[in-house]
Amino acid sequence: MSRLVIVSNRVPAPRERGAAAGGLAVALREALAGREALWFGWSGSNHAPSYQPRQTRAGRVTFATIDLPQADFVGYYRGFSNGMLWPLLHHRMGLAEFRREDLAAYRRVNEGFAAALLPLLRPGDVVWVHDYHLIPLGAGLRRRGFGGRIGFFLHVPFPPRVIFEALPQGEDLLADFGAYDVLGVQTEEDAENLNEALARRGLPARAASFPIGIEPDTFAAEARAAAAGPDGARLRESLGQRALILGVDRLDYTKGLPQRFRGFAQLLRRFPEHRNRVTFLQVAPVSRGDVAQYRTLRRELDELAGRINGEHAEFDWVPLRYLTQTVPRTTLAGFQRIAGIGLVTPLRDGMNLVAKEFVAAQDPANPGALVLSRFAGAAQAMEGAILVNPHDPDEIAEALHIALTLPEAERRVRWERMWQAVRRNTAGSWARSFIAALDVAAARAA
Ligand code: ADQ
């Protein structure tokens, strides 16, 4: 079997690689298991800036990391990746800030990645590049003579062509996609959008959808154990007889949090029978706190949460519990199981794994209901969820009311359909099908 080379902006630190790991580390666990692999990327530190990789080994996986120079990092990561591409790809051009020097840093870092990775590559390696930070990497490797297979997976949405075309020098990024043998995105709609943008430039339109998933059985077991643990008991005790509505996100403007808070407030206003009978717990740890748009969002949520509780709280009940601290993943899994309602309302999301984790966490005998944005990639396959337009707080309120009053038999039917969907596309099957597509691409090229 050929060696698999994973490239991502961030390589998980040793303590993030084990059972408590999140994100890509979890998704790739099965793909990496038992296979010779190299994982290359930024260490997460800028202390000893050098494009000279440091290598450590754990089992059959070698981790190779570089520390980025602070000046490059700011323009590449905070500037172009998160200040420009992230909002653009989520259809939020109004929040995007373009600076030529950021784009230059983005290109410089991608060249640095390519130059640092090339000497580590062996003939026959299969390279899999992840996400919007590294779109030009494949072309950088090709220019340096790497002739092996390279695939790219975009974890976030790809917007309609007219939005993408607002990106200055966006045609160069489209050309960069041409270096990859396989181009993966989350949904059919993303694939159509990217293919249309490529085709208009006369580039090969080979994007296809590979919906990412979770490891449902592992997550279910974690949730069961954590719900029975001390934090689960504390949460249950604090709720009394009240139903729990749960939101779990990074604090990000794509997640629709202000609209969600307003939706909950509308529930209390328009359906007063739920007053003092529900508690909404929103866990949203600060992310990208050094980007201005995120600081603005945080202030808005602080104010909204204060206003909603001020207006609706009673002396023995606080309707909204809003946490910006981090809560360990396993503890959250237990909270998901305790929740009667998962509230997942991003304005736009590549997939949204929280929706899938909520389903996996439920007790099959008495499952909760999922209120889900129709603009999350997860909505494509999630029959059984109550779908909403996340821009409309009243629609969120109505969906919450329906979810709170669903008879148990209907909850079970809906959950069963969602559970089948979550089990159909798992983290493991996602990685396997992407790698299989890379193998086929190679056979075609040979
Ligand atoms: P994210 O935008 O980070 O990921 P999401 O898919 O919801 O969004 O979450 C990824 C992981 O982070 C999940 O395992 C989730 O449990 C965890 N997570 C989220 N909020 C958390 C919190 N408050 N505390 C602890 N853990 C938390 C990007 C894209 C998504 C896409 C993923 C994977 O934006 O659309 O689903 O990549 O491709």
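Just after helix α1, Gly34 takes a positive phi of about 70°. The model is predicted, so local features need pLDDT of at least 70 and side-chain atom pairs count only at pLDDT 80 or more, while totals for chains, interfaces and linings use all residues. Residues are numbered from 1 along each chain as its sequence is written, and side-chain values use heavy atoms, with hydrogens and water left out. Helices (H or I, at least four residues) and strands (E, at least two) are DSSP runs, numbered from the N terminus.

**Helix α1**
- Helix α1 covers residues 23-32, and seven of its 10 residues are buried (under 20% relative accessible area, with exposed over 50% and partly exposed in between; 1.4 Å probe, protein chains only).
- Helix α1 is therefore largely enclosed by the rest of the structure.
- Its buried residues are Leu24, Ala25, Val26, Ala27, Leu28, Ala31 and Leu32.

**The eight-stranded sheet**
- Strands of a sheet pair through backbone hydrogen bonds, either parallel or antiparallel.
- Eight strands form an open sheet with mixed pairing, in the order β3-β4-β2-β1-β5-β6-β7-β8; two strands pair if DSSP finds at least two bridges between them.
- The edges are β3 (50-58) and β8 (207-209), each with a single partner strand, so one side of each has no neighbour in the sheet.
- Six bridges join β3 to β4 (residues 61-67) in the antiparallel sense, and Ala58 stands opposite Val61 in β4.

**The six-stranded sheet**
- This open sheet has the order β11-β10-β9-β12-β13-β14, with parallel pairing.
- Its edges are β11 (320-323) and β14 (386-388), each with a single partner strand, so one side of each is left without a neighbour in the sheet.
- Strand β10 (residues 278-283) runs parallel to β11 and is joined to it by four bridges; the bridge partner of Val283 is Leu323 in β11.
- Helix α10 (residues 257-270) lies across β9 (243-248), β10, β11 and β12 (341-344), at about 175° to β10.
- Helix α12 (residues 329-338) lies across β9 and β10, at about 140° to β9.

**Helices α12 and α13**
- Helix α12 packs against α13 (residues 353-361) at an angle of about 65°, with the axes 8 Å apart.
- Arg329, Ala333, Gln336 and Arg337 in α12 meet Val354, Glu357, Phe358 and Ala361 in α13.

Methods:
Contact = heavy atoms within 4.5 Å. Axes fitted to C-alpha atoms, helices over the stretch in contact; angles between N-to-C directions.
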